[in-house]
Amino acid sequence: VDAVEEYMRQLIDVPCPSYIVTNHITCKKICPCGHCNHGSFPVNVNSPVSYGPGVEALVINLSTRQYLPYNRLSTLIRDLYGIQISEGTIANILERFGKKAASVYERIRQQIFKAEVVGSDETSAHVNGSNHWLHTYQSVEWTFIGYHPSRGAIARDTFYPHGLPNAILVTDCLAMQLSTETREHQVCLSHLLRELNAMQEDYPKQGWPTQIKALLKKAMDLKKEEYTRQQVEQIRRTFRKLLRVDQSHAPGKIEPFWKRLLKHEDKIFTFLYHDNVPSDNNGSERAIRNIKVKQKVSGQFKTSKGAQQYAENRSIIDTANKQGKNVHEVLVQIANLFPK
């Protein structure tokens, strides 16, 4: 009787990595006319020992996406591949890659400018002992991260001097963001709800924060189902009615919160009029959170150039992730480019 397959088990393993060395040798030849002709090296082979696009992409990936400091990165490559690569060489690779990636980074910035819905956020970063900022502007398919010493409008105008006139901009209540020229604005309701939760804890006898919170949650729940324009208008009427309740003598942060809602009433329920607009800014918070992880691992960026390199590389990596591309392959493609 022939044997019949019964079970199957798989063992997945990886071989010990190895590297490939390609020797490039130039020749010279004297022409019958007496002129000596010299061969030339490929453009990307410009020193006695160079590192190819695979090594370059690996360094970018480990430094930017995996948050490895230079020393640990050097040790890992040595242990895995037997390649002795110094911290100075790592810095040179990052700089060289940045020159090649400049056009890709600029394309991401332009795609954000064209996007219909953009989320934005910012976070502080220590740069050589000073407090600087990294800003993100992100859409469904693209993530742009920019570095600037300032948190304010001067930073925004550096990245987008004409604003984002094509977009509905989803942000927190930072004045710089709300003053950006856009098609419309949407304030993050998750941030407002967190503030309202704190007010309820601090002042449980104050009914107004509870009513506002309930209305915002109702609006967010409405987004999850099919709804009518009449339902949206009912929510807005109730909201305006609550805003007419004078909170000028309310305790703690209730009064300034009330005044802020009065000022930005038209930016609270924008998401209910557009299918592709979220009620929160969580996408931007995710895009900016990696900077805090990088800071926890490395402590700070030693130079402004390092912060800028990180912003550019992280923009490319996060965009590749959003578009479902293999990050390492994308980095290899860029490493194969020639700097302009």
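## Close-ups of a predicted model

**View 1. Tyr137 stands opposite Phe144 in β5.** With 6 of its 6 residues buried, β5 is largely enclosed by the rest of the structure.

**View 2. Ser139 is found in the loop between β4 and β5 (143-148).** Is Ser139 buried or exposed? Its relative accessible area is 9%, and Ser139 is buried because the cut-off for that class is under 20%. Which residues does Ser139 touch, if those up to four places away in sequence are not counted? They are Ile112, Ala115, Val117 and Lys322. Val117 turns up again in the next view, where it belongs to β3 (residues 117-127).

**View 3. Strand β3 pairs with β4 in one sense and with β6 in the other.** On one pairing, 9 bridges join β3 to β4 (residues 130-138), and these two run antiparallel. How many of the 11 residues of β3 are buried? The count is 9, so the strand is largely enclosed by the rest of the structure.

**View 4. Asn128 lies in the loop between β3 and β4.** The hairpin of these two strands has 2 residues between them. Phi of Asn128 is near 50°, which is a positive value in a residue other than glycine. Is Asn128 buried or exposed? Asn128 has a relative accessible area of 56% and counts as exposed, because the cut-off for that class is over 50%.

**View 5. Strand β6 pairs with β7 (residues 182-187) in the parallel sense.** There are 5 bridges between β6 and β7. Leu164 stands opposite Thr182 in β7. Strand β6 is mostly covered, with 6 of its 8 residues buried.

**View 6. Tyr67 has a positive phi of about 65° although it is not a glycine.** Where is Tyr67? Look in the loop between α1 (53-65) and α2 (70-81). Tyr67 counts as buried, at 16% relative accessibility.

**View 7. Val330 lies in helix α12 (residues 327-335).** Val330 is buried, and its relative accessible area is 15%. Leaving aside neighbours within four places in sequence, Val330 is in contact with Ile316, Ala320 and Lys325. The C-alpha atoms of Val330 and Ile317 are separated by 8.2 Å, and these two residues are 13 residues apart along the chain.

**View 8. Zooming back out, the protein chain has 12 helices and 7 strands.** What is the radius of gyration of the protein chain? It has 27 Å, whereas a compact globule of 340 residues would have one near 20 Å. The C-alpha atoms fill a box of roughly 95 × 75 × 35 Å along the principal axes. Buried residues make up 41% of the 340 residues. Among contacts between residues at least 6 apart in sequence, 63% join residues at least 24 apart. The accessible surface is about 19800 Å², and 52% of it belongs to carbon and sulfur atoms. On the charge side, there are 44 positive and 34 negative side chains, and the centres of the two sets lie 5 Å apart.

Notes. Residues are numbered from 1 along each chain as its sequence is written. This is a predicted model: local features need pLDDT of at least 70, side-chain atom pairs count only at pLDDT 80 or more; totals for chains, interfaces and linings use all residues. Side-chain values use heavy atoms; hydrogens and water are left out. Helices (H or I, at least four residues) and strands (E, at least two) are DSSP runs, numbered from the N terminus. The radius of gyration is taken over C-alpha atoms; the globule rule is 2.2 Å times the number of residues to the power 0.38. Buried means under 20% relative accessible area, exposed over 50%, partly exposed in between (1.4 Å probe, protein chains only). Contact means heavy atoms within 4.5 Å. Accessible areas come from the Shrake-Rupley method with a 1.4 Å probe; for residues, only the protein chains shown count as cover. Lys and Arg count as positive and Asp and Glu as negative; His and the chain ends are not counted. The place of a charge is taken as NZ of Lys, CZ of Arg, CG of Asp or CD of Glu. Two strands pair if DSSP finds at least two bridges between them.
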